[in-house]
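This report looks at salt bridges in one protein model. Please keep the sequence and the structure in view while reading.

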Amino acid sequence: MGDWTEDDDRTRALRPPTPGPASPRAAGQPAYPAQGRPSGDTPREEPRATSRVYGKPRQGSGAVRPLQPAPGGPGGPPPPPPGSGNNVPRRSWRPKRPGRLAVRILVGLLVVVLVVAIGGYFMINSRLKRVDALGDYEGRPADTPGTNWLLVGSDSRAGLTKAQRKKFATGSAVGRRTDTMMLLHIPATGDRPTLVSLPRDSYVPIDGHGRGKLNAAYAFEGGQKLLPKTVEQVTGIRIDHYMEIGFGGFVGIVDAIGGVEIDVKQDIKDRKAGINLKKGRQVLDGGTALGYVRTRATGAIPDFERTQRQRQFFSAVVKKAASPGVLLNPFTSIPLALSAADSVEVGEETGTFDLLSLGLAMGDNPITTVVPVGSLPTIDGQAVVQWDRAKALRMFKALAEDKPVPQDVLGK
């Protein structure tokens with residue numbers, strides 16, 4: 001370093017004053033005059049010097065301290081010992097409030113299910129085929145407790161292709177007739193429903209046509225309205241809902257639920273019905289099931305055997321359709337709903353919720369029976385079925401009053 005005399009003004013201000021004789025100074029005055037200000041002037045506030053730290057103006061006049069390495073890091077001090085109170089545990093990432101996240105997911109799923117359910121309801125409800133089947137007329141029975149359905153199976157081939165008609169041996173008859181008529185009573189008390197078969201050859205009065213077989217009421221003009229009226233007049237029970245299904249709808253619904261398990265009571269081979277079944281429990285697809293409920297190749301009284309199979313099969317189909325394994329599985333419930341909506345015809349007063357209540361009721365193990373039969377005479381060259389009037393009236397009176405049917409009038 002050079003001589004002090006060679007210092008410039010910048011270093012001179014930092015040099016302590018040169019030793020010399022003491023000079024008097026006023027109280028409060030500096031020991032040596034500040035540079036750039038004549039001695040004796042009143043002191044004034046000088047702006048505080050600033051420096052720059054990492055490219056930004058630094059405030060304050062203290063010395064700049066270098067960054068210190070983190071404890072435990074390279075070149076840094078060792079970490080504090082455990083228990084000293086200075087160690088902070090490292091926190092791993094985890095979702096905050098998992099309960100709230102689960103609630104949000106659940107709410108989202110419920111919203112999706114609700115939207116799908118509402119959309120499905122309106123879609124199915126709009127696709128239902130409605131008919132004017134339950135009209136008012138003079139002398140119609142008054143409304144009774146519980147809910148009463150008239151279930152009709154027709155031999156309509158609508159919806160079957162030519163190949164299917166050949167495969168299922170349905171023939172190609174035009175028009176529609178009915179071989180299946182059942183009265184379903186769903187009690188308001190929550191008790192088991194009662195499903196009553198009405199034999200097609202039941203000899204009953206038909207409004208405007210004298211007496212004849214019950215299924216003839218369906219064959220006459222306006223049959224979809226005349227048949228419910230005939231049933232109401234001979235039973236004294238007011239029908240609340242009407243539902244009809246043809247051959248094609250029958251096959252479609254059974255296939256939509258993946259077939260149905262039936263305990264076949266005996267070997268059945270019937271070319272006219274297109275079936276060859278062995279005795280025992282087995283799963284029937286739509287085509288085989290159709291032949292099973294149509295065949296007359298069993299029993300001494302074929303029509304009574306057939307009504308038993310019809311009730312057996314209808315109960316099994318509806319029970320499976322209403323089971324959680326079908327309803328909660330979209331791959332079965334959606335095809336089933338669409339097939340049912342396209343396959344059945346219902347009264348104008350019947351909606352999707354009514355059909356759902358029907359399925360739930362049938363899933364409650366209904367009591368199945370047939371109208372008590374008195375005799376099987378031949379009238380006007382036709383074999384007909386005459387009811388046991390006294391027992392039949394007791395049966396229908398119990399249903400109209402929403403009471404259990406007496407055991408002695410229940411048939412097989």
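What follows describes some of the salt bridges in this predicted model.

Side chains of opposite charge can pair when their charged atoms come close. In the whole structure, a search finds 13 salt bridges. Three of these pairs are listed below.

| Pair | N to O distance |
|---|---|
| R140 and E232 | 3.1 Å |
| D201 and R200 | 3.5 Å |
| R281 and D263 | 3.9 Å |

How does the pair R140 and E232 sit in the structure, and which parts does the pair tie together? R140 and E232 meet through their side chains in a salt bridge. R140 belongs to the loop between strand 3 (129–131) and strand 4 (147–154), while E232 belongs to helix 5 (residues 223–235), so the pair ties together parts that are 92 residues apart in sequence. R140 and E232 are both buried. These two residues also take part in a network of salt bridges that links D136, R140, E232 and R238.

The salt bridge between D201 and R200 also joins two side chains. D201 has a relative accessible area of 9% and is buried. R200 counts as buried too, at 17% relative accessibility, because the cut-off for buried is under 20%.

The last pair in the table is R281 with D263. R281 is exposed, with a relative accessible area of 54%, whereas D263 is partly exposed at 25% relative accessibility.

Definitions and conventions:
Residues numbered from 1 in each chain as written. Predicted model: local features only at pLDDT ≥ 70, side-chain atom pairs only at ≥ 80, totals over all residues. Heavy atoms only, no water. Salt bridge = Lys/Arg side-chain N within 4 Å of Asp/Glu carboxyl O. Helix = DSSP H or I, 4+ residues; strand = E, 2+ residues; numbered from the N terminus. Buried < 20%, exposed > 50% of the residue type's maximum accessible area, 1.4 Å probe, protein only.
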